[in-house]
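Please read this report alongside the sequence and the coordinates.

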There are 2 protein chains.
Amino acid sequence: MAQTTSRASKTKRTTQTENQIYDSIRHAVLTQKLPSGARLPELTLSEIYGVNRSVVRRALVRLSGDHIILMRRNQSAVVAHPTREETAQLFDARRHVEAQVMRKTAGQLSASARAEIESMVAAEHQTHDEGHHDDRIHLSLHFHERLADACPNQVLAQILQELILRTSITVALYKVPGMAACYRAEDHRGIADAIFDGDGERAAQRACEHLDYLEQRLTHARNDAEVDLSSILNS
Amino acid sequence: MAQTTSRASKTKRTTQTENQIYDSIRHAVLTQKLPSGARLPELTLSEIYGVNRSVVRRALVRLSGDHIILMRRNQSAVVAHPTREETAQLFDARRHVEAQVMRKTAGQLSASARAEIESMVAAEHQTHDEGHHDDRIHLSLHFHERLADACPNQVLAQILQELILRTSITVALYKVPGMAACYRAEDHRGIADAIFDGDGERAAQRACEHLDYLEQRLTHARNDAEVDLSSILNS
DNA sequence: GCATGGAAAAATGTTGACAATATTATAACT
DNA sequence: AGTTATAATATTGTCAACATTTTTCCATGC
């Protein structure tokens, strides 16, 4: 039932090109290549992807529905730039939802899923040790998303996926600049082990602590930046 | 910050006409005038509302993002028709989210909000006694939405609003036909009182019991129907 | 140097047309 | 009657053009 062509795209319209655009922008935001506040003019995007504005538009409307970008009348879409207040609410909501997803997922993993997650944790450690921060961020997000995928309750899981993306935006916006993107090596390991053991309550606890740690590392200063779209959006 | 022009429309594009269409369809689904599976051709809608298809389209894409309608390539949009499995997941998710919203909202109501909710509960009892089921359904949904509005965490509240709408669709689909739309007179009263008393845990408990009752009343048989759009969508 | 005003440019809003696809109706056949 | 093939219709997909609005830039004045 759950179509997997487009990451967490729920169930909706699927011109292949539209999905590509949706995924491309989503991915760029997720990996923090597109910073908060970056403008996304329809014409520029339609030239980059070689399609008409109407196709771009649909992708943008979907993204705005996911709170990833912000659309205002007669103005270019911009990557969402949540306030500090909204950030706090996002983390609060995510803790509550993710904890429940952990409880429901614990002990439910197939052998293959388990192996997959194991390798992801290992890969994450490796990229961290080697200093590939961009890759590690991507793997870290993929870890949370992969666990959500395994949750028996996909309604709850999709809600979590959205919250993961939105909190990722806030981290990019409010993290202290020099810091190697908030990371504690043993956090994901601990969560995975609790899930494997079927100990949902411990997994939930670990996930909350993980998110607390992340949130505490945020500052009040915002990191704004300018970007060149065409150099970023070419997947 | 939270714009209230369009019920739970999050923050997004807002051609007035587009919002009207969005709200109109949303309302028709919510009040069960548009049944599950009903087709929503773009041309028909654009004639009804007197606008171009592109305007209708944007409203439809937003609705599909909310899981209210389903869009498939080259096919007309249709009102969502969740499976029994998805229904169970929806109720499970809603219980978990709504319980938390109750906890956070308890004791936070202003005097005016309190009075407003009081009058809503009273109105609900009255319409029930008088047998105006359609009105009562509307008031009942409004009760839950009004409480969500009062929640300090609006991220969580908006997630709940979406779940309220989606569960409403499942109720329309799976309720036993003759039954006067699942209703226990004292449920909302008990929830409201707990909120007023600042007893979040009791409010959460009552909300869960309320939802359990609702869910248990659903059958496996689906209620399908045919409809004439133009006679419904004229608000 | 700075604010103000207005023209030029850029971007979105809206529309209608045509192409591609899906749905429905019709006809032929068993 | 029921089933299949085919034609007709309905519906969405994509596009380009123009209208409207916002943004940017530059000249003017103080």
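The sections below describe a predicted model.

## Fold of chain A

Chain A contains ten helices and three strands, and these elements follow one another along the sequence in the pattern α-β-α-α-β-β-α-α-α-α-α-α-α. Of the 235 residues in chain A, 53% are buried. When the contacts in chain A between residues at least 6 apart in sequence are considered, 74% of them join residues that are at least 24 apart.

Chain A is divided into domain 1, covering residues 16-81, and domain 2, covering residues 84-216. The contact between them draws 13 residues from domain 1 of chain A and 14 residues from domain 2 of chain A, while the C-alpha centres of the two domains lie 25 Å apart. About 1200 Å² of area is buried between domain 1 of chain A and domain 2 of chain A, with carbon and sulfur atoms giving 61% of that area.

On the side of domain 1 of chain A, the residues that lose the most area to domain 2 of chain A are Leu30(A), Gln32(A) and His67(A), which together account for 46% of what that side buries. Helix α1 of chain A (residues 16-30) provides the largest share of the side of domain 1 that touches domain 2, namely four residues. As for specific interactions across this interface of domain 1 and domain 2 of chain A, the rule finds zero salt bridges, whereas three residue pairs, with both residues at pLDDT 80 or more, are in polar contact.

## Relation between the two copies

Chain B is superposed on chain A by a rotation of 180° with 0.1 Å of shift along its axis, and the RMSD of this superposition is 0.1 Å. The two copies are therefore related as by a two-fold rotation axis. Because 100% of the interface residues of chain B are also interface residues in chain A, the copies meet through the same surface.

## Ser140 in chain B

Ser140(B) belongs to helix α6 of chain B, which spans residues 133-149. Its relative accessibility is 14%, and Ser140(B) therefore counts as buried, since the cut-off for that class is under 20%.

Leaving aside neighbours within four places in sequence, Ser140(B) is in contact with Glu124(B) and His188(B). A further reference point is Ala123(B), which is 17 residues from Ser140(B) in sequence and 9.7 Å from it in space, C-alpha to C-alpha.

How values were computed
Residues numbered from 1 in each chain as written. Chains lettered and ligands numbered in written order. Predicted model: local features only at pLDDT ≥ 70, side-chain atom pairs only at ≥ 80, totals over all residues. Heavy atoms only, no water. Helix = DSSP H or I, 4+ residues; strand = E, 2+ residues; numbered from the N terminus. Buried < 20%, exposed > 50% of the residue type's maximum accessible area, 1.4 Å probe, protein only. Contact = heavy atoms within 4.5 Å. Least-squares fit on C-alpha atoms with pLDDT ≥ 70 in both. Domains from an automatic or database assignment. Buried area = accessible area lost by both parts, 1.4 Å probe. Salt bridge = Lys/Arg side-chain N within 4 Å of Asp/Glu carboxyl O. Polar contact = N/O pair within 3.5 Å; in protein donor to acceptor, adjacent residues only side chain to side chain.
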